[in-house]
Structures are given as structure tokens and as C-alpha cells.
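Look at the structure first, then read on.

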Amino acid sequence: MSVQYHVSDPSDPVGAATPVNSLPRGPVDSDVDLRVDGRAQRAHDPAVLGAIAVGGAIGAAARYLVGLGWPTPPGGFPMSTLVINVVGCGLIGILMVVVTDVLPRQRLLRPLLGTGVLGGFTTFSTYAVDIQRLVTGGNAGIALLYLAGTIVGALLAVRATVSATRALITWRTR
């Protein structure tokens with residue numbers, strides 16, 4: 001048995017030839033057609049870029065409002081940022097199950113809600129700045145607790161929401 005190859009973009013630094021009959025099994029990204037190397041078309045798709053921009057503005061505004069309503073005192077534990085990141089990661093877990101298992105043909109859903117809203121809402125850059133400020137302010141213990149708590153909380157939130165969402169989908173489809 002021979003595998004046929006097609007030539008993708010010759011300027012592609014990753015490699016020019018990919019097997020035609022090598023589609024992966026299982027859920028795939030809803031806005032990617034693996035049969036066609038469409039990276040050039042997707043890179044500047046105005047609908048996708050617009051969805052990301054609108055979603056990002058919504059997510060960043062929501063994060064800003066949470067920060068205004070729940071400010072962190074100087075040298076204090078940045079609870080609002082931790083909650084934003086853990087909740088955002090949990091919502092990303094739900095979204096990824098929905099876009100792969102329930103609504104795989106909605107090509108703008110993941111860019112709008114995932115990259116846009118939740119990308120704008122979660123704030124790992126603020127997380128890094130918070131850690132730096134705590135350490136330079138002499139609060140290394142709080143910084144270490146915050147560092148570990150955010151990572152563990154975010155990972156647990158994704159795992160819990162993915163499992164719960166898949167269980168709910170399975171239960172509803174019986």
C-alpha cells in the first residue's frame with residue numbers, strides 16, 4: 001500500500017509534503033479542515049479576526065470590571081486574579097467540549113468565545129506581574145502560594161469542567 005502525498009505551501013518551514021490519507025481520529029478543531037492546507041486563508045479571515053476582536057473586547061471589559069469591583073490591596077493575595085483565571089479555565093474546558101462534541105460545525109464559536117472572550121478574560125500576564133510585585137514587596141510566601149494555587153486551580157478547573165460537561169452530554173443523549 002502506498003501513501004499519496006500532496007505538496008502544501010512550499011515556503012512552509014515545517015515541511016512541504018504531508019500524507020493525504022493521514023487524517024486523525026477523534027474530535028478535531030471545528031474551524032480546521034485537515035484535508036486542505038488552508039493556513040494562508042485562515043490567517044487573515046476577516047470573520048475570524050472580527051470574532052476574536054469582539055470577543056476579546058468583551059472578555060477584557062469583564063476582567064476590568066471584576067478588578068474594579070474586587071481590587072487587590074498592596075501586598076495582599078490577588079484573589080480576584082486567581083478567581084478570574086480559574087473560572088476562565090473552567091469555562092474554556094466547557095467550551096472545548098461543546099465545540100468538539102456538540103457544535104463542531106460552528107466555525108466562529110471557538111474564536112469568539114475561546115480566543116476572544118475567555119482569552120481576554122483570563123489574565124496570565126497580570127498573574128506574572130502580581131507574582132513579581134509580591135516577591136519584590138517582600139511577600140515571597142504569598143507569591144509562591146499564588147503561583148502554585150493558580151496553576152493547580154486552573155488545571156483542576158479544566159479537568160473538572162471537561163469531565164462534567166462530557167458526562168452531561170452523555171447523560172442527555174441517552
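Helices here are DSSP runs of H or I with at least four residues, numbered from the N terminus. The model is predicted, so local features need pLDDT of at least 70 and side-chain atom pairs pLDDT 80 or more, while totals for chains, interfaces and linings use all residues. Residues are numbered from 1 along each chain as its sequence is written, and side-chain values use heavy atoms, without hydrogens and water.

**The pocket.** α2 (46-69), α3 and α5 each supply at least two residues of the lining of the largest pocket. A pocket is an open set of points on a 1 Å grid over the protein atoms alone, where a 1.4 Å probe fits, with protein on both sides within 12 Å along at least five of seven lines; lining residues have an atom within 4 Å of a point. Of the 20 lining residues, T72, T81, T126, D130 and R133 lie nearest the centre.

**Helix pairs.** Axes are lines fitted to C-alpha atoms over the stretch in contact, and angles run from 0 to 180 degrees between N-to-C directions.

| Pair | Angle | Axes |
|---|---|---|
| α3 (79-102) and α5 (124-136) | roughly 150° | within 10 Å |
| α2 and α4 (109-121) | about 30° | 6 Å apart |

Angles over 145 degrees count as roughly antiparallel and those under 35 as roughly parallel. α3 and α5 are therefore roughly antiparallel, and α2 and α4 are therefore roughly parallel. T81, N85 and C89 of α3 make the contact with F124, T126, Y127 and D130 of α5, where contact means heavy atoms within 4.5 Å.

Methods. Parallel < 35°, antiparallel > 145°, perpendicular 65-115°, else oblique.
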